[in-house]
Amino acid sequence: MITHPLCGKITMMIIRVAGRITAFTDMLAALLTIPLIAALVYEVFSRYVLDNPTFWAYEISYMLMGSIFVLAMGYALKIRQHVSVDLLYGRFSPRGKAVVDVLGYCLFGTAVWWMTVELYASATLAFQNGEVTGKSAWNPVVWPVYTAWFVGFLTLGIQVLAELVKSTVTLFTGKTSETEEKEPGVGL
């Protein structure tokens, strides 16, 4: 049973800090929709009105869409919007759900942290070598998108840690965390 006041403060601090980081990257993802929409509107106008398609719209759109998706993954986990199968899980007690969650977050977290490390290495190497896409005449450097993907996976890893802490507290106390209702969120 976690009853020490310091343990409660530390767990709440981890959950709050993770929530703030997740909300920040979610806001970044939401803001990236503006240049994505602008680029696609310009491409449609240029292609169909001016009869002069752009050579950069394809690459900017997949880079921005990929970044938006990855940057919002942590927030989706925070608000429990990832795909789940609740056939049996919904019937479990809070402690039973916590057992499943702790095991799941440990397995999932391992994969997320591995991807985070690999994406950091890829972004660093791409920056050092000036790596480009090689997919169009524009041929932009890829380190900005790799960096966005690294930040997205880092945020997801931090949120997995916060969810693991919440599930562990539930496992030991039998009570679910109330932080989701208290903490304002930023959503897409």
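Start with the largest pocket, which holds about 430 Å³ of space. A pocket here is an open set of points on a 1 Å grid over the protein atoms alone, where a 1.4 Å probe fits, with protein on both sides within 12 Å along at least five of seven lines. The volume is the space filled by probe spheres set on the points, with points joined across faces, edges and corners.

Select Arg80, Val83, Ser84, Asp101 and Tyr105: of the 14 residues lining this pocket, these are the closest to its centre. A lining residue has an atom within 4 Å of a point. Color the lining by class and you'll get 7 nonpolar, 4 polar and 3 charged residues. Nonpolar covers Ala, Val, Leu, Ile, Met, Phe, Trp, Tyr, Cys and Pro; charged covers Asp, Glu, Lys and Arg; the others, Gly among them, are polar.

A quick word on what you're looking at: this is a predicted model, where local features need pLDDT of at least 70 and side-chain atom pairs count only at pLDDT 80 or more, while totals for chains, interfaces and linings use all residues. Residues are numbered from 1 along each chain as its sequence is written, and side-chain values use heavy atoms, leaving out hydrogens and water.

Which helix gives the most to the pocket lining? Select residues 94–129: that's helix H4, with 5 lining residues. Helices are DSSP runs (H or I, at least four residues), numbered from the N terminus.

Axes are lines fitted to C-alpha atoms over the stretch in contact, and angles run from 0 to 180 degrees between N-to-C directions.

Is it buried or exposed? Valine 145 counts as buried because its relative accessibility is 7% (buried means under 20% relative accessible area, exposed over 50%, partly exposed in between, with a 1.4 Å probe and protein chains only). Its C-alpha atom is 9.8 Å from that of tyrosine 62, 83 residues away along the chain.

Next, show helix H2, residues 57–71, which packs against H5 at about 15° with axes 8 Å apart. H2 and H5 are therefore roughly parallel.

Finally, zoom out: the protein chain has 6 helices and 0 strands, and 35% of its 188 residues are buried.

Methods:
Helices (H or I, at least four residues) and strands (E, at least two) are DSSP runs, numbered from the N terminus. Angles under 35 degrees count as roughly parallel, over 145 as roughly antiparallel, 65 to 115 as roughly perpendicular and the rest as oblique.
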